[in-house]
Amino acid sequence: IHEPQAHHAMSRDEASLLNILVHYPQAMKRLMKHNYRILLSNPDILHIFETAHVLFQQEGVVESARVLEGLEKESARERFRESMMGPSIFQEVEIDQALKEFKDRIQKILIAESKRRALKKGDIEELNRIPKYIKERWG
């Protein structure tokens, strides 16, 4: 008897990004401009996005069927199929705002990492640049 593999927990960000990838694959180009991988920790979701990323670089588009056939892990294929069968959680007019929110979240994570590194190294110049960057970015 084959026991189904337990799904690793998926964060809200991962669920949202996967939903966007499946239902609005044209958004992949915009996601690739930002370090979206920072928001991913689930191994299946990482595998799905890495596969989609490679396909996009090779073919310029992300087609669900091609992503599905490119997935090597059964658990990732299962997760991807579930998302394909489910409804979109965003209206098309909400995609721009959702992508902007992901971009902002990524920027905040990168700023926190930069601050942590600067503190660890005692880099006062870098620490002084961070508030200026935040002010420029978000006013």
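Reader: Let me start with Ile-95: is it buried or exposed?

Author: Bear in mind that this is a predicted model. In it, Ile-95 is buried, because its relative accessible area is 7%, and the cut-off for being buried is under 20%.

Reader: Where does Ile-95 sit, and which residues is it in contact with, leaving aside its neighbours within four places in sequence?

Author: Ile-95 belongs to helix H6. Once the neighbours within four places in sequence are left aside, its contacts are Ile-20, Tyr-24 and Phe-90.

Reader: And how far apart are Ile-95 and Ala-27, in sequence and in space?

Author: They are separated by 68 residues in sequence, while in space their C-alpha atoms are 8.2 Å apart.

Reader: Turning to the helices, at what angle do H1 and H6 pack?

Author: H1 and H6 pack at about 135°, and their axes lie 12 Å apart. H1 is therefore oblique to H6, since an angle counts as roughly antiparallel when over 145 degrees and as roughly perpendicular from 65 to 115. The crossing of these two helices is left-handed.

Reader: Which residues meet there, between H1 and H6?

Author: From H1 come Asp-13, Ser-16, Leu-17 and Ile-20, and they meet Ile-95, Ala-98, Leu-99, Phe-102 and Arg-105 in H6. Sorted by class, this contact has six nonpolar residues, one polar and two charged.

Reader: Changing topic, how many residues does the largest nonpolar core have?

Author: That core has 30 residues, and Ile-20, Leu-21, Met-28, Ile-48, Phe-49 and Phe-80 are the ones with the most contacts inside it. Two or more residues each are given to this core by helices H1 (12–23), H2 (28–32), H3 (43–59), H4 (64–70), H5 (74–85) and H6 (95–121). H3 supplies the largest share, which is six residues. As a general point, nonpolar side chains in soluble globular proteins tend to be buried together.

Reader: What is Ile-48 in contact with, again leaving aside neighbours within four places in sequence?

Author: Ile-48 is in contact with Leu-18, Leu-21, Val-67, Leu-71, Ala-76, Arg-79 and Phe-80 on that basis.

Conventions
Residues are numbered from 1 along each chain as its sequence is written. This is a predicted model: local features need pLDDT of at least 70, side-chain atom pairs count only at pLDDT 80 or more; totals for chains, interfaces and linings use all residues. Side-chain values use heavy atoms; hydrogens and water are left out. A nonpolar core is a set of buried Ala, Val, Leu, Ile, Met, Phe, Trp, Tyr and Cys residues joined through side-chain atoms within 4.5 Å. Buried means under 20% relative accessible area, exposed over 50%, partly exposed in between (1.4 Å probe, protein chains only). Helices (H or I, at least four residues) and strands (E, at least two) are DSSP runs, numbered from the N terminus. Contact means heavy atoms within 4.5 Å. Axes are lines fitted to C-alpha atoms, for helices over the stretch in contact, and angles run from 0 to 180 degrees between N-to-C directions. Angles under 35 degrees count as roughly parallel, over 145 as roughly antiparallel, 65 to 115 as roughly perpendicular and the rest as oblique. A crossing is left-handed if the near helix is turned anticlockwise from the far one by less than a right angle, and right-handed if clockwise. Ala, Val, Leu, Ile, Met, Phe, Trp, Tyr, Cys and Pro count as nonpolar, Asp, Glu, Lys and Arg as charged, and the others, Gly among them, as polar.
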